[in-house]
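Open the model in your viewer and keep the selection tool at hand. The stops below say what to select and what is there.

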Amino acid sequence: MIKAILFDKDGTLLEYSDFRILATRKFISSFKLDSLKATELLRLLGIEKDKVLENSLLASATIEDIAFFIAAYMNEDRSIIYKRLDNFYYKALVKNKEQIRPTCDLKKLFDFLKGKNIKIGLVTSDNFRQAKYSFEYLGLSSYIDFYACGDLYKKKPNKESLYAFLDKFSLSEKELAVCGDSIVDMEFASADNLKIGVLSGTGKANTLIKYADILINSPEGIIKLL
């Protein structure tokens, strides 16, 4: 019996929004690169034709990872770039909060899960203050029992946060489902977890089907599964 679900955030519970692409473009533009180098760096980060590429840095890496990649490319100090990028993304999120959009009726889904006493965890490569702000803005933060963010735990697919979640609520691996839109999310799950792939993000069905136990169009499909 499933007693808890760990959800990915971007592409799973929340839509990928243009603000992250625009914010990344604006941050890169601050380095005054020529257009060819700027385009190359954006492509290496995972932005091509105003879309986030599947399994790219922007799709699944932490803010620290992205910052360190930019710093290496620009030959800049990693800690300075990380601090700048973290603040830049947070300010961009607050400024563009109307672009924080759920992929489905999350209140309906969360009410359903709470009605079944199922614990809700969030595992994301985003930093804590960005993740917390997003769900506070949506009025859903009280539903989240556990935040596993890029600045609190080792990044997916490392299972540090997964086992911390299990330990906190005294759960077995078979009582946990992991729901996400990428290969990294599926690799993050253990062999005994129920792996739920969603098609609301960057992951394609023909890719996710190789890793997931179940595919659904959006997290709301969990209501019919449980």
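Select serine 141 to begin, in the loop between helix 7 and strand 5; helices (H or I, at least four residues) and strands (E, at least two) are DSSP runs, numbered from the N terminus. Serine 141 is partly exposed, at a relative accessible area of 23%. On this scale buried means under 20% relative accessible area, exposed means over 50%, and partly exposed is in between (1.4 Å probe, protein chains only). Show what surrounds serine 141: not counting residues up to four places away in sequence, it touches Lys132, Phe135, Glu136 and Tyr147, where contact means heavy atoms within 4.5 Å. For a distance, pick the C-alpha atoms of serine 141 and alanine 131, which are ten residues apart along the chain and separated by 9.5 Å.

A word on the numbers before going on. The model is predicted, so local features need pLDDT of at least 70 and side-chain atom pairs count only at pLDDT 80 or more, while totals for chains, interfaces and linings use all residues. Residues are numbered from 1 along each chain as its sequence is written, and side-chain values use heavy atoms, with hydrogens and water left out.

Next, select helix 5 (residues 78-95) and helix 7 (residues 128-137) together. They pack at an angle of about 10 degrees, with axes 10 Å apart. Axes are lines fitted to C-alpha atoms, for helices over the stretch in contact, and angles run from 0 to 180 degrees between N-to-C directions. Helix 5 is therefore roughly parallel to helix 7; angles under 35 degrees count as roughly parallel, over 145 as roughly antiparallel, 65 to 115 as roughly perpendicular and the rest as oblique. Show side chains for the contact: helix 5 supplies Asp86, Asn87, Tyr89, Tyr90, Leu93 and Val94, and helix 7 supplies Arg129, Gln130, Tyr133 and Ser134. Sorted by class, this contact has five nonpolar, three polar and two charged residues. Here Ala, Val, Leu, Ile, Met, Phe, Trp, Tyr, Cys and Pro count as nonpolar, Asp, Glu, Lys and Arg as charged, and the others, Gly among them, as polar.

Now move to the loop between strand 4 (119-123) and helix 7, and select aspartate 126 and asparagine 127. Is aspartate 126 buried or exposed? Aspartate 126 is buried, with a relative accessible area of 5%, and asparagine 127 is buried too, at 2%. The side chain of aspartate 126 makes a polar contact of 3.1 Å with that of lysine 9. A polar contact is a pair of N or O atoms within 3.5 Å; within protein, one must be able to donate a hydrogen and the other to accept it, and residues adjacent in sequence count only if both atoms are side-chain atoms. For asparagine 127, the side-chain partner is aspartate 86, in a polar contact of 3.0 Å. Beyond neighbours within four places in sequence, aspartate 126 is in contact with Lys9, Asp10, Arg20, Ile63, Cys149 and Gly150. With the same exclusion, the contacts of asparagine 127 are Ile63, Tyr82, Asp86, Cys149, Gly150 and Asp151.

Helix 4 (residues 63-74) is the next selection. Its twelve residues, at 1.5 Å a residue, should span 16 Å, and its end C-alpha atoms are 16 Å apart, which agrees; the expected span is 1.5 Å times one less than the number of residues. Color the buried residues of helix 4: Ile63, Asp65, Ile66, Ala67, Ile70, Ala71 and Met74. Their cover includes helix 1 (18-29), helix 2 (35-45), helix 3 (57-60), helix 5 and helix 7. After helix 4 comes asparagine 75, with a positive phi near 60 degrees.

The next stops concern the backbone. Most residues other than glycine have a negative phi, and most peptide bonds are trans. In the loop between strand 2 (47-48) and strand 3 (51-52), select lysine 49 and aspartate 50. Lysine 49 has a positive phi of about 55 degrees, and aspartate 50 has one of about 60 degrees. Lysine 49 is exposed, at 76% relative accessible area, and aspartate 50 is exposed at 51%. Then find proline 157, in the loop between strand 5 (146-148) and helix 8 (160-168). The peptide bond from lysine 156 to proline 157 is cis, with omega near 10 degrees.

Finish at cysteine 179 in strand 6 (residues 176-180), which is buried at 1% relative accessible area.
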